[in-house]
Amino acid sequence: MPFRIIKREQFSPVTYLWELEAPDIARAAQPGHFVIVRHGDGGERIPLTVADFDRDKGTITLVIQAVGKTTFMMMNELKQGDLLDDLVGPLGHARRFGEHKKVVCVGGGLGVAPVFPQLRQYKQLGAHTISIVGFRSKDLMFWVDKFQAQSSECVICTDDGSFGLKGFVTVALQQVLARESGVEEVLAIGPVQMMKACTALTKDKGIKTVVSLNPVMVDGTGMCGGCRVSVGGKMKFACVDGPEFDAHQVDFDEMILRSRRFDPQERESMRRYEESHACKLAR
């Protein structure tokens, strides 16, 4: 079945949105699920968290950041109306929501997108929702209006102070936890260092914290072992055991080291793509 890009939106020079026609996935998708996409013959398999879904329209929404060869190719080559070669999902475990009176949802950078369906679910279940979203600068912001609509309170942070609170999301999280009593759960999704820092703030306070891990992943079914992480001293596969885990049990330092093991190959692949792309533009 073809998967058509029925909407494409560019948020920044490197961040873009696809709304994809995928009725079967839309019917089954839940907050916390992810999919794997592939573009081109022999193309790399890219895991992407489902940022939204519409069962009536039969669509899912993905927000993508171009950071390597394949994600740049997808941004530059696939337009609205184009067909995606492969789309597999939903994968991973859906989020299990308990009854909470007050929760804090933290999203950093691209992590803002996968936080949204969970924030919305918390709100629908009646929780008092405090959202904290952070970007490097005002120019990179997206979905602020969607977050404000689903939040009892929404705090916007920018690293450079060009909008909202100046500083990382941890600055806002520290302030919120200092003044708010009764926070029962914190959800944090974003760069590994950001999730690690958020976890350090909540651990001493004994607040349950959930993170979504994004290690290197190939097949998404637990066969390749590339996405293994240490959680509570045991080996887990993010694709089939997660992608969400108890943050206080995650070995973030090990995950950071493992995430860097293919850096030379990724840089070389990107260099070749940039040279090839420059040559085509020069013709």
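Q: Let's start with Glu 153: is this residue buried, exposed or partly exposed?

A: Glu 153 is partly exposed, at a relative accessible area of 23%. Here buried means under 20% relative accessible area, exposed means over 50%, and partly exposed lies in between, with a 1.4 Å probe and protein chains only. A word on the source: this is a predicted model, where local features need pLDDT of at least 70 and side-chain atom pairs count only at pLDDT 80 or more, while totals for chains, interfaces and linings use all residues. Residues are numbered from 1 along each chain as its sequence is written, and side-chain values use heavy atoms, leaving out hydrogens and water.

Q: Which side chain meets Glu 153 in a salt bridge?

A: The general idea first: side chains of opposite charge can pair when their charged atoms come close. The rule asks for a side-chain nitrogen of Lys or Arg within 4 Å of a carboxyl oxygen of Asp or Glu. In this structure, Arg 179 meets Glu 153 at 2.5 Å, N to O. This pair links distant parts of the chain, 26 residues apart: Arg 179 belongs to helix α5 (residues 169-179) and Glu 153 to strand β11 (residues 153-158). Helices (H or I, at least four residues) and strands (E, at least two) are DSSP runs, numbered from the N terminus. Arg 179 is partly exposed too, with 46% relative accessibility.

Q: How many salt bridges does the structure hold?

A: There are 13 salt bridges. Among them, Asp 253 pairs with Lys 196, their closest N and O atoms lying 2.6 Å apart. Asp 253 sits in helix α8 (residues 252-259) and Lys 196 in helix α6 (residues 192-203), so this pair ties together parts 57 residues apart in sequence. Salt bridges also link Arg 95, Glu 185, Lys 208 and Glu 244 in a network.

Q: What sits under the charged end of Arg 95?

A: A charge sits over a ring if NZ of Lys or CZ of Arg is within 6 Å of the ring centre and within 35 degrees of the ring normal. For Arg 95, the ring is that of Phe 97, with its centre 5.4 Å away. Lys 146 lies over the face of Trp 143, at 4.7 Å from the ring centre.

Q: How many aromatic pairs are there?

A: Rings of Phe, Tyr and Trp (its six-membered ring) pair if their centres lie within 6.5 Å; planes under 30 degrees apart are stacked, over 60 edge-to-face, and the rest tilted. That rule gives 7 aromatic pairs. One of them joins Phe 135 and Phe 142 edge-to-face, at 5.6 Å centre to centre and 70° between the planes. Phe 135 is buried at 3% relative accessibility, and Phe 142 is buried at 5%. Ring pairs link Phe 11, Phe 116, Phe 135, Phe 142, Trp 143 and Phe 147 into a cluster.
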